[in-house]
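Okay, thanks everyone, let me put this one up on the screen. Have a look at the sequence and the fold while I get my notes in order.

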Amino acid sequence: MIPVRDLPSIDRARELVLARTHPLGPETVEITQAAGRILAAAPTAAVDLPPFASSAMDGYAVRAADTPGRLRVVGQSAAGRPYGGETGPGEAVLISTGAVVPTGADAVVPVERIERDGDGVRVEAVDAGAHVRPRAGDVHAGAEVAPAGIALGASQVGALAAAGVATVLCGRRPRLGILATGSELRTPGSALGPGEIYESNSLALAAQAASAGALVEVFSSVADDRAATRAAIGRGLELDLFITSGGVSVGPHDLVRGVLAELGAQEIFWRVAVKPGKPVAFSVAAETLVFGLPGNPVSSLVAFELFVRPAIEALQGLAEPGPRWLPGRLAVAVTRGEGRDELLRARADVEDDAVFLTPVTGQESHMIARSAVANALVLVRRGVGVVEREAPVSYLQL
Ligand code: AMP
Ligand code: MG
């Protein structure tokens, strides 16, 4: 077996995954359904934005050259109900925010800067263009609103809707299956027999995969039985991405890799120089990417973030798949591991102007309950000695 220090690093393993991960291709998505999706092409504005010169204030639309002075009020322009006529010399039109600035007017005097005077108003001096939002001042029709390869968040869907974009081309979401393997696994809610534990990985992985944009199907767990494992994995290979949990180590009941080989999957790597998560296996079977994640719940959680989430993102065409490392500082000194980079579950707290990371007590890979208080994974690169308190580190937000 390859010595630990010669196993692929986290970065190398991620590269190996991404080299085999090709975007699934575009599909048309209604803008109302597009939040969270990845743009496959850059959408362009359907209209000028604003579509017309509009008022930035409640006030009076005027000719700037007429100010200061007394002006006759000849009508009103409300949002969605423009003034029919033109603003002539010596005239003012009552106008509300967002309403069309009438032809002839070139400025708006805010209501705070006027005085009513019979059927007219006395207005203060304004410059031409004051409080007028010019047509297309935000974006021109036909201009790119957002680049391809980004994830659509609230600000992007808002911008696109405003620019009249009704549908966008997005990367197809991967169909992803999750299979927990292990004869000891029971569903929460049922009683535990001798030697049994509650199955938790498929639930955690389903939440992680859904948050990355996958269309998730959780399979019924299988015991460590070759025929059952084979049947379930065979079905998983019809999907875009398949995750197995457990059974990828070297014990007599670890069947996943053998079954995958029997089914014709090509193993790209098995085991990575990372703690926890070392036994992770990555294979490709025809069009399906397969991740064999270790059963220990913390290993499963970590391996997903390092390798599976980037793959789900890349399948949807995200230009810069994760993990998205952030800069922070250690709140306490930690000892490095010699052979493997390590990910510590930690609490991230903002102090002064840095994020300080405090590892939770109990870092062993079966201690999943401790994860409930962690909101970060801190990367401690392998080496000798300790990483001092306050040293800069990279971390992932959980
Ligand atoms: P394995 O990778 O199958 O050797 O499992 C490693 C450890 O993780 C064992 O203690 C298993 O009982 C535990 N484990 C395996 N699968 C799950 C699961 N789906 N949920 C919770 N614990 C699991
Ligand atoms: Mg097992």
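Quick housekeeping. This is a predicted model, where local features need pLDDT of at least 70 and side-chain atom pairs count only at pLDDT 80 or more, while totals for chains, interfaces and linings use all residues. Residues are numbered from 1 along each chain as its sequence is written, chains are lettered from A and ligands numbered from 1 in the order in which they are written, and side-chain values use heavy atoms, with hydrogens and water left out.

So, domains. The chain is divided into domain 1 (4–25 + 172–315), domain 2 (26–44 + 147–171), domain 3 (54–133) and domain 4 (326–397); those bounds come from an automatic or database domain assignment. Between domain 1 and domain 3, the C-alpha centres are 66 Å apart.

On to ligand 1. There are 16 residues around ligand 1, and Glu184, Glu199, Ser200, Gly247 and Gly295 come nearest; "around" here means a heavy atom within 4 Å. Now the backbone atoms. Ser200 puts a polar backbone atom 3.1 Å from a nitrogen of the ligand, and for Asn201 a backbone N or O atom is 3.4 Å from a ligand nitrogen. Over at Asn296, a backbone N or O atom sits 3.1 Å from an oxygen of ligand 1. On its own the ligand has 480 Å² of accessible area, and the protein covers 77% of that (Shrake-Rupley, 1.4 Å probe).

Next, Glu313. You'll find Glu313 in helix H6, residues 297–315 (helices are DSSP runs of H or I, at least four residues; strands are E, at least two). Is Glu313 buried or exposed? Glu313 counts as buried because its relative accessibility is 6%, and the cut-off for buried is under 20%, with a 1.4 Å probe and protein chains only. Its side chain makes a polar contact of 2.5 Å with the side chain of Arg324; within protein, that's a donor–acceptor pair of N or O atoms within 3.5 Å, and residues adjacent in sequence count only if both atoms are side-chain atoms.

Last one, Asp341, in strand S22 (residues 341–351). Asp341 is buried too, since its relative accessibility is 3%. What does the side chain reach? The backbone nitrogen of Arg382, at 2.7 Å. Asp341 also touches, among others, Ile10, Lys275 and Leu379, with contact meaning heavy atoms within 4.5 Å. Leu379 is 38 residues away in sequence, yet the C-alpha to C-alpha distance is 7.1 Å.

Definitions and conventions. Buried means under 20% relative accessible area, exposed over 50%, partly exposed in between (1.4 Å probe, protein chains only). Lists of a residue's contacts leave out its neighbours within four places in sequence.
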